[in-house]
Amino acid sequence: MKLEMKDTPGQLVAALKPISAVGGNIIAVIHQRDTLSTAETLDVQIVLELPEGRLETLLGLLKEQGVSVVRIGEQRLLHQRSLILIGHLMHTDLSDTVDRIDQTGFAEVTEISLVMPAINEPSSARITVRSVDLADMHRALDILRSVAGQKQILMIEPLEAV
Amino acid sequence: MRIAILGFGSVGRGIARALAEKDLGIVVTALADSRSGLIRPEGIDIEAALARKEETGLCGESGVAAPDIAIHADYDCLVEVTPTDAVTGEPALTHIRTAIERGKHVVTSNKGPIALAYAELQDAAARQQVALRYEATVCGAIPLVHAMQEGLAGNTMQRLYGVLNGTCNFILTRMSEEGLTYEQALLEARELGYAEADPTYDVKGIDAAIKLVILANTVFGQKAVLDDVEVTGIDQLTPDALRLAEEQESTIRLIGEIAPSEKILRVSPRIIPKTHPLVVEGTLNAVTVETDMAGEITLIGKGAGSTETASAVIGDLIAIQSRHVQGS
């Protein structure tokens, strides 16, 4: 989204605060000061992720801060699944496992939490897969299931979308 | 109504105790355990049989065997509660076939025959105009089959998923609550009598898969066999995996799932939010059914135990008594 705010100290922070308040995740802040500009306002572009249905709340909070939203760009609704993998994850090339999803172009692994106990003991990891739509998510999980099968990794799926 | 009880282990004795304590209008005319039997057309003294079993290990006379009772004794309904053999279904399968062919009703807690030969047995029962009931084969005391076949009659069952094995649920509860390893939790389950000396059946998900086959065939009208179920047990789970689930306010439970539209017939450990109704503690069972008219229904209760399983058997007996056996 593109925001317009007063060019005074503290304003940018004031604009970013509500984003975390609604559980959003800031991916990029683009803030170029035009040195020739004499305008008293500042344009800032923010790329962010929000939990579904929080956009209206965010817009309300921004307005309270005196920040006006000039334009809201494309909304990419993200589907997300967290899975747990158990097995010899490193020895079976975890980065290859992740690559198989990332290479698809329609889904990606956005987070991994890995726990490795003693050597030769199976390790456990929670991985988060994201995709743009649900069909892509199902395709990505199919791929992961078959990779897990090949590598003798136990894949624990959520009962519901979480 | 006159009944013959085959099997005088935990379930058989639970039924006998309940019949001795309550006036249900049910008379036991024959009784057998694996090594003895008793036929008394005028009615067996249940208290005495329980005491004899306790003292001598035998419920009756050594010359009388279960097959003799199935074939020759006088009864209206056979109660088949011998131990389960999931591969052959025997000897229960023969006992049940015999009773049906004689035009007798059958109530069983034995998973083997129902998982292996439900369609055949049901056809035979329909031909002989007798009832075949098997509430106790799935989820112990929870009246799941009754709820789906009678309470929810007319609904289309869209999906069923739940915790079908109390042993696994106990182990996972302990791993999650106390951070125990799988081996530690299993040991504890054994000490408390929740797990068999050979826990393979439970922890590999086979017991849950057999129950899933029974539900798929009896309630969802499928023709599934055990090999059709995609089965993953809980024996590979690590405390780390449970901790990772915990970090997202979730836990891991062994879930059996039937979803005909997606051709899913599966038993596997699943990540499930801790607030989900299926996250039950200890040895409890819990099942959710999704239907077209009633929406979602979740049933929670004790999945095993002598008295609990007897409850399901007696529920079936009374249903038969009130519908089929007039004036008894």
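**Cysteine pairing and the chain A sheet**

Over all chains of the predicted model, the count of disulfides comes to zero. A disulfide is a covalent bond between the sulfur atoms of two cysteines, and the criterion applied here requires these atoms to lie within 2.5 Å. C59(B) takes part in no disulfide, as the nearest cysteine sulfur, that of C77(B), is 18 Å away. With a relative accessibility of 0%, C59(B) counts as buried. C139(B) is likewise buried, its relative accessible area being 1%. For C139(B), the closest cysteine sulfur belongs to C168(B); the separation is 13 Å and is therefore too far for a bond.

In chain A, four strands form an open sheet in the order β2-β3-β1-β4, with antiparallel pairing. From one strand to the next, the twist averages 35°.

The pairing of β1 (residues 2-6) with β4 in chain A is antiparallel and comprises three bridges. Within this pairing, K2(A) stands opposite R71(A) of β4(A). Strands of a sheet pair through backbone hydrogen bonds, in either a parallel or an antiparallel manner.

A helix accompanies these strands: α1 of chain A, spanning residues 11-21, lies across β1, β2 and β3 (41-49) of chain A. The direction of helix α1 is at about 135° to that of β1(A).

Methods:
Residues numbered from 1 in each chain as written. Chains lettered and ligands numbered in written order. Predicted model: local features only at pLDDT ≥ 70, side-chain atom pairs only at ≥ 80, totals over all residues. Heavy atoms only, no water. Pairing = 2+ DSSP bridges. Helix = DSSP H or I, 4+ residues; strand = E, 2+ residues; numbered from the N terminus. Axes fitted to C-alpha atoms, helices over the stretch in contact; angles between N-to-C directions. Contact = heavy atoms within 4.5 Å. Buried < 20%, exposed > 50% of the residue type's maximum accessible area, 1.4 Å probe, protein only.
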